[in-house]
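Try each task before you read its solution.

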Amino acid sequence: MSIASVDKPHTILTGPEKNAIRAQLERLLANVHFKQSKRFPSFLRFVIEHTLAGDAESIKERTLGVEIFGRDPDYDTASDPIVRVTAAEIRKRVAQYYQEPGHDEELRINLPPGSYVPQFHWPKGNNEPELAEPATAPLTAPLEVVAFPALLTLDGGAAHGRRGSRLSYVLAGLGVLVLSICTFFVWQARRLSAFDFFWRPVFTSNDPLLLCIADQLQYSGISLRDAAQPSHQVQLKDNLTAVVIDDVNAIMKVGGILQSSGRKYTVKGEGATDLIDLRAGPAIFVGAFDNAWTLRLTNQLRFHFANNPEMTQFRIVDSSMPSQARWVVDRTVQMTTNNYRDYAIIARFTDTNTGKMEVVIAGIGRGGTIAASEFLTDNGDLSELRQAAVVAGSKKNLEVVLSTQIIDGQPGSPKMEAAYFW
């Protein structure tokens, strides 16, 4: 049996192919996602031109840091993630570009996760030869079966030949049938959008959906302004519960997904949420150390939150390697410098206690929660997660550790650190 794919790699590009790639690059950079930036176009031009020149081997993080961002040749790439952060943001913007109407039939320029070497793909139906990346084909490359299994030939007399011929046709027919079924399921899997991949299991039931958010201290008073004289404030007695403003960012993003999907939902603080609420339908939990339900639910998972008794070290622990301190936030550094690396957990799983689907969106710090919500509402980031899920066998439950660089209190792009599927 021979199977051919549309992605036939060839590293030598013709002049017209290179011109087509450069023309597509200009279309990409003229888009609103890129034209307001200086470093994104510089980054993409550098990696694409070096790739077209056959110099992909020199496209390394340190080289990009020196050539594009003016870093010293011996700069510490571990403490200065400017190249990784920029590449992640470019991946996100490229995905947004190709999601827009009118771009789906264009030549695709892709910057795969974990690499700075671009990949190029012609759209379906194009008469030009297929362009493949200089290295390994991406997981998202479309698969098309274009060959049929060869007929089985049996040696022997005429009777055996006739029986062998009939048998060969039967086997060939079964082969074609199996091949067609496999092709259909592959097509279906690839047709499923990255958003659907993550969110569809949450929306399968018609049960009411709960958005459980972290709440803070309750206040017995409120300051209101006089309508006739706004500068004058009056303190009145009231019962209020505060919500962290950074968590509101995550709540709005997730609420937007629920609203656009036509899903009705209720919002409750973690202090007002009980087991009866969780048994009623799927729930989404925002926040970690200020949300008791998040801590309870993730405590049974492979990746969970932990801290030292003094509450100065906060971390995410891998249960399979509990002694390794890989994802830690030092609160002293966090409060003193406002520049640190934050970590978050996103999870989607069926809770064994309630039998309902649960989603966790929780960072160690506030920036981590924001980055986690961005990850779950960005098609490019979810595509990366879908690729990892396919490799793992498309399990129903998943848990991911994310990281993000916090600079002056603002989170950068999220990055997948680890993932587990079951």
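**Exercise 1.** In this predicted model, find the residue whose side chain meets R200 in a salt bridge, and decide how exposed the two partners are.

*Solution.* 
- Step 1: The partner is D196, with N and O 3.6 Å apart.
- Step 2: A salt bridge needs a side-chain nitrogen of Lys or Arg within 4 Å of a carboxyl oxygen of Asp or Glu, so the pair R200 and D196 qualifies.
- Step 3: R200 has a relative accessible area of 46%, and D196 has 31%.
- Step 4: Partly exposed covers the range between under 20% (buried) and over 50% (exposed), so R200 is partly exposed, and so is D196.

**Exercise 2.** Work out which parts of the chain are tied together by the salt bridge of K356 and D207.

*Solution.* 
- Step 1: Begin with the contact itself: the closest N and O atoms of K356 and D207 are 2.9 Å apart.
- Step 2: Place each residue. K356 sits in the loop between β11 (340-350) and β12 (357-363), while D207 sits in the loop between α7 (194-199) and β3 (209-213).
- Step 3: The pair therefore ties together parts that are 149 residues apart in sequence.

**Exercise 3.** Describe how helices α3 and α4 pack against each other.

*Solution.* 
- Step 1: Locate the helices: α3 covers residues 39-52 and α4 covers residues 61-69.
- Step 2: Their axes are 11 Å apart, and the packing angle is about 125°.
- Step 3: That angle makes α3 oblique to α4.
- Step 4: For the handedness, the crossing of α3 and α4 is right-handed.

**Exercise 4.** Which residues make the nonpolar surface patch of about 220 Å²?

*Solution.* 
- Step 1: The patch is made by L224, V234 and L236.
- Step 2: Take L224 as an example: it belongs to strand β4 (residues 218-225).
- Step 3: A patch residue needs over 30% relative accessible area. L224 has 38%, so this residue is partly exposed and passes that cut-off.

Definitions and conventions
Residues are numbered from 1 along each chain as its sequence is written. This is a predicted model: local features need pLDDT of at least 70, side-chain atom pairs count only at pLDDT 80 or more; totals for chains, interfaces and linings use all residues. Side-chain values use heavy atoms; hydrogens and water are left out. Patches are made of residues with over 30% relative accessible area and no salt bridge: like charges are joined within 9 Å, nonpolar side chains (Val, Leu, Ile, Met, Phe, Trp, Tyr) within 5 Å. Accessible areas come from the Shrake-Rupley method with a 1.4 Å probe; for residues, only the protein chains shown count as cover. Helices (H or I, at least four residues) and strands (E, at least two) are DSSP runs, numbered from the N terminus. Buried means under 20% relative accessible area, exposed over 50%, partly exposed in between (1.4 Å probe, protein chains only). Axes are lines fitted to C-alpha atoms, for helices over the stretch in contact, and angles run from 0 to 180 degrees between N-to-C directions. Angles under 35 degrees count as roughly parallel, over 145 as roughly antiparallel, 65 to 115 as roughly perpendicular and the rest as oblique. A crossing is left-handed if the near helix is turned anticlockwise from the far one by less than a right angle, and right-handed if clockwise.
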